[in-house]
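Good morning, and thank you for coming. I shall walk through one protein chain, beginning with a single residue and then widening the view.

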Amino acid sequence: MLDTFNFPTPQGSNYQEFYGGGSTRDWVKPRGVSMVRFMLIGAGGGGGIGSSAQGGGGGGSGAVTSWIGPAIFIPDILRITIGSGGTSGVNAGNTTVTYQVKTTTGYAMLSANGGVSGTTAVTGGTGGTATTANQFCASGIYTSVAGQDGTLGAVIGPGIDQTASTTTFLSGGSGGSGAPTSAGGSVTPNYGYTVLAATTAGGLTAAKNGYFITQPILVGCGGAGGSTSTVVGTAGGRGGIGCGGGGSGEDAITSAQGGDGAVFIWSW
């Protein structure tokens, strides 16, 4: 896994993954552990729907928040809430780790903001903003990294391509095409992983969905932009975990959803 935050990953640690946008589950601290590491991924923004004169913008990727510190500072039970991927006009949800107590609604310990969805006005959604450290974060090593913006939809011609960010392992979505018989934008991820090539110009082939993998190097890829035939545009591809959806082509009637968030927890 990519060691973005320079944190150790001990052999034999208890490792748990939490997926499923909109879901809420409890995490119980394993008995006898000394250290805990959290990594939260905010959900990705959805791609914008193309209008009669332009392609939709790609959605922004979610922020990534991480904390590592002594287990003594962690309550025995935490509530994990996974952000849902955004759609056109609806921004992505935040991913949170909350300490729930019986007499209140709980205290947010860690959060990763979701990305903003693209719009029909060719505007790409912005990446989820980095989260400012709170009181809990001071008890360990804390980092929060903003997401990547989605690319613009095209006013005329092919959609705008997306190139991987140099500051986060998640990517925003690419823009949709803005003219008949034009291809949507492609997405080029980091580390030489598979490029999501643009769809055939003028065809109605579905745009390629993004992906998310953890081995051999952690990386997420946003959805490709939708193309436009002589009559109607196609939706962009759905974003991988935490990544933006691709913008739709001109005159499309549907849009791509951004990827849901996720939480990873190590304890040893």
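Predicted model: local features only at pLDDT ≥ 70, side-chain atom pairs only at ≥ 80, totals over all residues.

Let us begin with asparagine 209, which lies in the loop between E10 and E11. The labels come from DSSP runs numbered from the N terminus, where helices (H or I) need at least four residues and strands (E) at least two. Is this asparagine 209 buried, exposed or partly exposed? Asparagine 209 has a relative accessible area of 48%, so it is partly exposed. Here buried means under 20% relative accessible area, exposed means over 50%, and partly exposed is in between, with a 1.4 Å probe and protein chains only. Setting aside residues up to four places away in sequence, asparagine 209 touches Leu196, Gly237 and Arg238; a contact means heavy atoms within 4.5 Å. The C-alpha atoms of asparagine 209 and alanine 256 are separated by 8.8 Å, although these residues are 47 apart along the chain.

Residues are numbered from 1 along each chain as its sequence is written, and side-chain values use heavy atoms, with hydrogens and water left out.

How confident is the predictor? The pLDDT, which is the predictor's confidence in each residue on a scale from 0 to 100, averages 90 over the protein chain, and 93% of the residues score at least 70. Over residues 1-7, however, the pLDDT is below 50, and this stretch has 23 contacts in the model beyond near neighbours in sequence.

Now to the chain as a whole. How many helices and strands does the protein chain have? There are 0 helices and 13 strands. The radius of gyration of the chain is 19 Å, close to the 18 Å that the globule rule gives for 268 residues, so the chain is as compact as a globular protein of that length. That radius is taken over C-alpha atoms, and the globule rule is 2.2 Å times the number of residues to the power 0.38. Along its principal axes, the C-alpha trace spans about 65 × 40 × 25 Å.

Of the 268 residues, 56% count as buried. Among contacts between residues at least 6 apart in sequence, 65% join residues at least 24 apart. The chain exposes about 10,500 Å², and carbon and sulfur atoms supply 57% of that area; accessible areas come from the Shrake-Rupley method with a 1.4 Å probe, and for residues only the protein chains shown count as cover.

Next, two glycines. Glycine 48 sits in the loop between strand E3 (35-41) and strand E4 (64-70). Its relative accessible area is 0%, so glycine 48 is buried. Beyond residues up to four places away in sequence, glycine 48 touches several others, including Gly56, Ser88, Thr119 and Ser255. Its C-alpha atom is separated by 8.6 Å from that of glycine 236, 188 residues apart along the chain.

Glycine 222 is in the loop between E12 and strand E13 (262-267). Glycine 222 is likewise buried, with a relative accessible area of 0%. Leaving aside neighbours within four places in sequence, the contacts of glycine 222 include Ser171, Val187, Leu196 and Cys243. Glycine 222 and threonine 205 are 17 residues apart along the chain, and their C-alpha atoms are separated by 18 Å.

I turn now to backbone geometry. Most residues other than glycine have a negative phi, and most peptide bonds are trans. Which residues depart from this pattern? Threonine 181 has a positive phi of about 55 degrees although it is not a glycine. This threonine 181 is placed in the loop between strand E9 (162-163) and strand E10 (187-188), and at 44% relative accessibility it counts as partly exposed.

Tyrosine 191, also not a glycine, has a positive phi of about 65 degrees. Its place is in the loop between E10 and E11, and tyrosine 191 counts as partly exposed at 44% relative accessibility.

Finally, the peptide bond from glutamine 215 to proline 216 is cis, with omega near 0 degrees. Proline 216 is found in the loop between strand E11 (211-213) and strand E12 (219-221). Thank you for your attention.
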